[in-house]
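This report covers a strand and its neighbours, a ligand site and a surface patch.

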Amino acid sequence: MSAPESLFVKACKAQTVDRTPVWFMRQAGRYMPEYRKVRKEYSLLEICKKPKIAAEVTITAAELLRVDAAIIFADLLLPLEVMGLPFHFAAGEGPVVQRPVRTAADVSKLHTDGAADLGYVSEAIVLVSQHFGARLPVIGFCGAPFTLASYMIEGGGSRNYVQTKKMMYSTPAAWDDLMAKLVRVTSEYAFEQVRAGADVIQVFDSWVGCLSVEDYRKYVLPRTTELITNLRKTGAPVIYFGTDSATLLASMKETGAEVIGLDWRIPLDEGWRSVGFKGGVQGNLDPVLLFAEWQEIESRAEDILRRAAGRPGHIFNLGHGILPETPVESVKALAKFVQEH
Ligand code: CP3
């Protein structure tokens, strides 16, 4: 931990702060010309694996936007590789896992002793936290077991998660074995990130919203709670984020995460009420609003701040990551608006 007294870390602990901290998911990405320039020279995975470049990309985005936290540049799927599942990014298609996991035998072959091979991410965190010191907190992150399992099983993105749910329903022991293995690897991976200087860990459960409450509670909540309980032992606050999660929020809060990340589909105050106003919430402007005129962006951002009503524990963010082609000036203006509000 390098910036424990920062606005952002205090807000994550639901402590009173002078103003609402703001950062953005995917703040370093294709919408930014500086990032596209680096991408001309290196692939996404090359950037992730070169600590100096990953640190530079992380720092450039945070400084350009003047946000209140820097999220380390990495990808959610990196742990798949060290567990024995190579993947690549196909142009226009997103991630592709070469040999998806489909059976109990496939699950039993996955390694759980390779988290140390992700040391390049921690090395990048060391460089970023040395650069910023106490000036700006660094966010480490990992995938939640459900979302990572879905990529392993589907072999990429999915619409209906048929293969994932099929494993859950028809071979629950193999499913749980897979979840347990993911918890082992991601716990160690995130632990290393905190040791390297990460102030907060965000757990991305991006696709959890495809589940009913009943299935979430039965097949996902216990292992996710195990992960978050492990992570909280580091002393770094945990932000647990999912999309399409309005019906799941109360259950997600049972994991013990200090902060729940909200997507844009639910009014911020309603989402906060769903978790009993316990702890913090992060969010939740629709990332597509950044394509609108400034007046519209401003009024919707103001509405979110009004719904937060000055309660301690609000961290301003989008409801999901910044999209390619988002106007950079709007992102900058939004950060400034929140900070001056
Ligand atoms: O937020 C940040 O600035 C940190 C960087 C970051 C990346 N991926 C870099 C990246 C983070 C936090 C992630 C997390 C991630 N990766 C998630 C969870 C967050 C979410 O969006 O729900 C997921 C599901 C992934 C897997 C992944 N990586 C997908 C689905 C894609 C999109 C593929 C595509 O072609 O658009 C990626 C690629 C990726 N990871 C990009 C970035 C900046 C896209 C830009 C590029 O290809 O250079």
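## Strand pairing

Two strands count as paired if DSSP finds at least two bridges between them. In this predicted model, strand 4 (residues 138–143) and strand 5 pair in the parallel sense over five bridges. Within this pairing, glycine 143 has phenylalanine 204 of strand 5 as its bridge partner.

Strand 5 also pairs with strand 6 (residues 238–242), in the parallel sense and over five bridges. Here isoleucine 201 stands opposite valine 238 of strand 6.

## Burial of strand 5

Strand 5 spans residues 200–205 and is mostly covered, with six of its six residues buried. Both faces are covered. Val200, Gln202 and Phe204 are buried on one side, and Ile201, Val203 and Asp205 are buried on the other.

## Ligand site

There are 23 residues around the ligand, and those that come nearest are Arg26, Arg30, Tyr35, Arg39 and Ser206.

A nitrogen atom of the ligand is 2.7 Å from a polar side-chain atom of aspartate 75. On its own the ligand has 880 Å² of accessible area, of which the protein covers 89%.

## Surface patch

Val288, Phe291 and Leu323 make a nonpolar surface patch of about 250 Å². Leucine 323 is located in the loop between strand 9 (314–318) and helix 15 (328–340). Leucine 323 counts as partly exposed because its relative accessibility is 33%.

Key. Residues are numbered from 1 along each chain as its sequence is written. This is a predicted model: local features need pLDDT of at least 70, side-chain atom pairs count only at pLDDT 80 or more; totals for chains, interfaces and linings use all residues. Side-chain values use heavy atoms; hydrogens and water are left out. Patches are made of residues with over 30% relative accessible area and no salt bridge: like charges are joined within 9 Å, nonpolar side chains (Val, Leu, Ile, Met, Phe, Trp, Tyr) within 5 Å. Accessible areas come from the Shrake-Rupley method with a 1.4 Å probe; for residues, only the protein chains shown count as cover. A salt bridge is a side-chain nitrogen of Lys or Arg within 4 Å of a carboxyl oxygen of Asp or Glu. Helices (H or I, at least four residues) and strands (E, at least two) are DSSP runs, numbered from the N terminus. Buried means under 20% relative accessible area, exposed over 50%, partly exposed in between (1.4 Å probe, protein chains only). A residue is near a molecule or strand if one of its heavy atoms lies within 4 Å of it. A polar contact is a pair of N or O atoms within 3.5 Å; within protein, one must be able to donate a hydrogen and the other to accept it, and residues adjacent in sequence count only if both atoms are side-chain atoms.
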